[in-house]
Amino acid sequence: MILTASETRSEFRLGIIFWRHTYHMQSLTQTSVNNKRRLVIILFSALCLFAPVVLPAHRGAAESGRKILVAHRGASAYAPEHTLEAYRLAIAQGADYVEQDLQITRDGVLVCLHDLTLERTTNVEEVFPDRARDVMMNGTTGRRWMVADFTLEEIKRLDAGAWFGEEYKGAKVPTWQEAIDVVRGRAGLYPETKAPEVYGGAGVEMEKLVLAELRKNRLDQPGADPKTPVIIQSFSAASLQKMARELKMKLPLVLLISDQGKERERWLTAEGLKEVKKFAVGIGPAKQLLDADPTLVKRAHDAGLTVTPYTFRASAIGRFKSVRDEMSYYLHTLGVDALFTDNPDQFPRGK
Ligand code: G3P
Ligand code: CA
């Protein structure tokens, strides 16, 4: 971890103060100086000057200068998204945070799944052929197996790995608690309240469930577990505002902004960014928004917001030679603080 100049100076000052204090105490109590102890003190001061200081990642890249790697749905380029296998691999590949998209089962349990439906990433059609219903989504009506129609016990009967590769056959949809248990102490958590308005419309308050789960795990306060910082993200400003204002959530919140739809016009003006700052610490824009307007990084920073674009994946690198090059451009040329990637092992540490 790299220290900023001012952090280096203050750590050095602390070392000197410690040295002076200790030396003063010694002179009061001892007539001769113990050379061994002096050496230890001098070494301590030198260490304060040169050794890296571990800052909790949730303080943000803007403060520490360190770029933050968020594993998108785990190491989802290499293992089935939102499985414990994908989370473990992300940690092994050096993720600072592991992302979980959250959905809610019929019996009110938070589970890690990107879609509101089960058919893309599980064998639900085989196991429960008669449990689909006609639902209009993304402009088309089709047979859907909604997460909200299934109990946790039923969802646990599904295979969430075989669609990705035979070697992952038998992987399960994890509860958020299971994800926390795997990630805790090894990386940060980056949960997303997914479609909170849909669940809210059915009388289920996702924000309250999220907060209750964090409380149960004693992770609901910033710095509660320095090895497991938590940042909460959502495309729904209302969801974040509810957490910040009604539920008095103190954890950092990040507003995701899609390159589709009207939200981007609302939030990306100077006024909009100022508004975001009232309930969030940062924005998570689609990377296309930064490509279209690279000044957004500076404008967001000037508004006091961090910038964490999504999603960087080797399968969609556009004009870049590699996903590593693409991430490098966004991190070091555009100056974003963090990013979401399916390929944690390609994250360019350093310049
Ligand atoms: O949460 C960041 C990024 O994951 C947003 O897109 O659709 O993958 O949740 P999505
Ligand atoms: Ca997400």
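This is a predicted model: local features need pLDDT of at least 70, side-chain atom pairs count only at pLDDT 80 or more; totals for chains, interfaces and linings use all residues.
Biologist: How many helices and strands does the protein have?

Modeller: The protein has 15 helices and 11 strands. Of its 351 residues, 39% are buried.

Biologist: What makes Arg-73 count as buried?

Modeller: A residue is buried if 20 or more other C-beta atoms, placed from the backbone, lie within 10 Å of its own, exposed if 12 or fewer, and partly exposed in between. Arg-73 has 26 C-beta neighbours inside 10 Å, so Arg-73 is buried. Arg-73 sits in the loop between S1 and helix H4 (84-92).

Biologist: And why is Asn-138 called exposed?

Modeller: Asn-138 has 5 C-beta neighbours inside 10 Å, so Asn-138 counts as exposed. Asn-138 belongs to the loop between strand S4 (133-137) and strand S5 (140-144).

Biologist: Which bond joins Tyr-310 and Thr-311?

Modeller: A cis peptide bond, with omega about -20°. Most peptide bonds are trans. Thr-311 lies in the loop between strand S10 (306-307) and helix H15 (323-333).

Biologist: How do you know that S1 and strand S11 (residues 338-341) pair?

Modeller: Pairing requires that DSSP finds at least two bridges between two strands. S1 and S11 are joined by four bridges and run parallel, so by that rule they pair. Val-70 has Phe-340 as its bridge partner in S11. S1 also pairs with strand S2 (residues 97-104), again in the parallel sense, over two bridges. There, Ala-71 stands opposite Val-98.

Biologist: Which way do the residues of strand S1 (residues 68-71) point?

Modeller: Ile-68 and Val-70 point one way, Leu-69 and Ala-71 the other, and all are buried. Val-70 is also among the residues with the most contacts inside the largest nonpolar core, which has 77 residues. Such a core is a set of buried Ala, Val, Leu, Ile, Met, Phe, Trp, Tyr and Cys residues joined through C-beta atoms within 7 Å.

Biologist: Why do the buried residues of H9 line one face of the helix?

Modeller: In helix H9 (residues 206-216), the buried residues are Met-206, Glu-207, Val-210 and Leu-214. Seen down the axis of H9, they fall within an arc of 100° (taken from the directions from the axis to the C-beta atoms), so they line one face. The face turned away from that side carries the exposed Arg-215 and Lys-216.

Biologist: Finally, which residues surround ligand 1?

Modeller: Among them are His-72, Asp-101, Glu-192, Tyr-310, Thr-311 and Phe-340. A residue is near a molecule if its C-beta atom, placed from the backbone, lies within 6 Å of it.

Definitions and conventions. Residues are numbered from 1 along each chain as its sequence is written. Chains are lettered from A and ligands numbered from 1 in the order in which they are written.
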